[in-house]
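Please examine the model below, following the sequence alongside it.

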Amino acid sequence: MQKLWPQTVKIYWDPWLNIPVIKPRQEEIDLFYLLRLSEPGDARPAFRGDIERLKKALNYEFGNLLLFDKYISGKLVLLNKVPHWDLMYEVVVSGNVIGQLYYDPFNDKWRFRLTHQGAYIAVQLGAVDTIIAESPFYTGRLISGKYGGSSRQVVVLDSRGNIRAIGEVARDNSVFLTKTFHERLPPVETSERNASVDFAVLRNLNGLQSLEDKSLRFLERLSKRFNLKPVVSYSGGKDSLVALDLACRVFGELEIVFNDTGLELPETLRNIEDVSNFYKCRVHWASAGDIFWKAIEIFGPPGKDYRWCCKVAKLAPIAKLTKTLWSSGALNIVGQRAYESLDRARSPLIWRNKWVSHMISTTPIQYWGQLACWFYIFKYKLPYNKLYEEGFDRLGCYLCPSSALAEYREIEKLYPDLWAKWWNVLESWRLKLGQPPEWSILGLWRWLTPATAKKRIMVQLKDYQVNWTEEYKRRLASSKINMYPVLFYREESKLTIVFNETIIPAYCKELILTNLVNTGFTIIELADTIEIRKERLRVLIHKNTLQAEIPAQECFEDLVDILKNIYRLRACVLCGSCVIWSPRGSVKLTLNGPRLISKLDDKSKQAFIEVCPISDQLVEKIIIPLILGDYRAFKRRGRRRLELPL
């Protein structure tokens, strides 16, 4: 199997003590099993909430708890997150991946599917029914028309008694193959002793110390290399907690930055206070207030491919705070790890984020696995966020479109009032967009475009069709912007776009024209027409009609800049991005939006235009796709990319 991840986590298993080993001594490696985990193999301990889900799922699948009681209970269980269209974990017990625990949103249940090793163990324990069938074995095959047991999942054997597949029992008691086994390895043998996390930590102290020493030496080198104030970006999660503790051991007193997006769960906010008291550190709050709830009336729901929320609720508040506190720079220590995403796997150990380029960022735990992080937290009894005990895998904005439906269900259960607030907004937008209930229930709102992941859910729904052009227009019509193209046609180098409303309204006309002039355009005002020029581009705007001569791709990008200048002033969200990332004193933020005080050079001009979330997200991902007739138009080759000065 071809490796996708540049680095993977190696976790070993001690068969006698029946515990995981994060970093064995060289002379001990041959005594341990290497866990066969899916990439990147970043397994973590299962907490109370995880165990409860697993127990319920096993009872649902097999109608009994024999596998849980005889093989799982009392053991140290690991969960390894694997790719799935919602949320799935490989379940590791006694050195074996016994199955996958996954969430089925169509039935609103956590389910469990046996692996070959898990099936072997379950059959030996008498925890699962078996059915004998003849070859061939392939997914979807009907192998029995009438099953008389009470289980929802059965193990399929061939005539020789070999485990060949897993079958699922349908409502009419027929059995279909849902998984076949091409690689049929028996489970590894262990003592199957009960073991706790605390016991595993004690037996991993040497390996943990090796990781600690390496990280501490790294931070010590940075303290000598950079004469900057050390600050820690703390999120309320386990990784930033480990990074904070390591930093405190090296730097002593330091300060903490927390980004309160206004969408944090109460437990996270409590954890910030706990951590502040534990370390006796000052916490600087970069607060977004209620800007998300105001901005959603302009942008509509955010999406994995439509991340306007990050700009207004995270990046702008953080940049504003840190530029105010440490304008000359700081050493920003974060809890980033290589196994969280492929982008982070390719990240260097020291970098500058273009949004907070005055700070040098680094991570001391880039190559730590989750299991090592948790062992460190338990070793030093650090004040971790209690949401992890409920089975939360990730923390942050509770309505983040990158979350799984399974995570939303947990939030709905634990924080019904918070979820109801979001659900009411979501349902309001669903009705505006003319979408069926599944749009909200199955999280189809999490993608703006007809993305592949969205289509995987859609195929499960009868008669569900995506008309992205209609949806985009409705999104704009339901927004405070309320301006969208209704007609567009091109004849050679001439483009005509007819909008549903007056393009440049009187209340912001002077502001729009001022900003256009100061971003390099020439304005000629006629009786009831505005002519805008730049080099080879000529644009005429008359009420709701825009006509443009576009002899080259570069001219089209100039037209896009004009549209961005117009749209951002029709419904500015007052996030302040334009002020933060433009030259000091060049932008004044008014109630109607930004006003450029003076002309900008090319680099500053492009930054002023592109840092705006309306420009970068709404115009690029809704307006331009409508004009070009392609929802992927924001990926066009000629698009101008944002460059921020360091």
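**A loop residue, a helix and a surface patch**

In this predicted model, Glu264 lies in the loop that connects strand β15 (255-260) with helix α7 (266-279). Is Glu264 buried or exposed? Its relative accessibility is 11%, and because the cut-off for a buried residue is under 20%, Glu264 counts as buried. Leaving aside residues up to four places away in sequence, Glu264 is in contact with Phe258, Asn259, Leu269, Gly396 and Cys397. The side chain of Glu264 also forms a polar contact, at 2.7 Å, with the side chain of Thr261.

Helix α12, which spans residues 405-414, is mostly covered, with 7 of its 10 residues buried. These buried residues are Leu405, Ala406, Glu407, Tyr408, Arg409, Glu410 and Ile411. Which elements do the buried residues of α12 pack against? They pack against the helices α1 (48-62), α13 (416-433) and α14 (438-441), and against the strands β7 (96-104) and β8 (109-114).

Attention may now turn to the surface. There, Leu574, Val579, Leu589 and Leu591 form a nonpolar patch, and together they have about 360 Å² of accessible area. One of these residues, Leu589, belongs to strand β26 (residues 587-590). Leu589 counts as partly exposed because its relative accessibility is 33%, a value to be read against limits of 20% and 50%.

Technical notes: Residues are numbered from 1 along each chain as its sequence is written. This is a predicted model: local features need pLDDT of at least 70, side-chain atom pairs count only at pLDDT 80 or more; totals for chains, interfaces and linings use all residues. Side-chain values use heavy atoms; hydrogens and water are left out. Buried means under 20% relative accessible area, exposed over 50%, partly exposed in between (1.4 Å probe, protein chains only). Helices (H or I, at least four residues) and strands (E, at least two) are DSSP runs, numbered from the N terminus. Contact means heavy atoms within 4.5 Å. A polar contact is a pair of N or O atoms within 3.5 Å; within protein, one must be able to donate a hydrogen and the other to accept it, and residues adjacent in sequence count only if both atoms are side-chain atoms. Patches are made of residues with over 30% relative accessible area and no salt bridge: like charges are joined within 9 Å, nonpolar side chains (Val, Leu, Ile, Met, Phe, Trp, Tyr) within 5 Å. Accessible areas come from the Shrake-Rupley method with a 1.4 Å probe; for residues, only the protein chains shown count as cover. A salt bridge is a side-chain nitrogen of Lys or Arg within 4 Å of a carboxyl oxygen of Asp or Glu.
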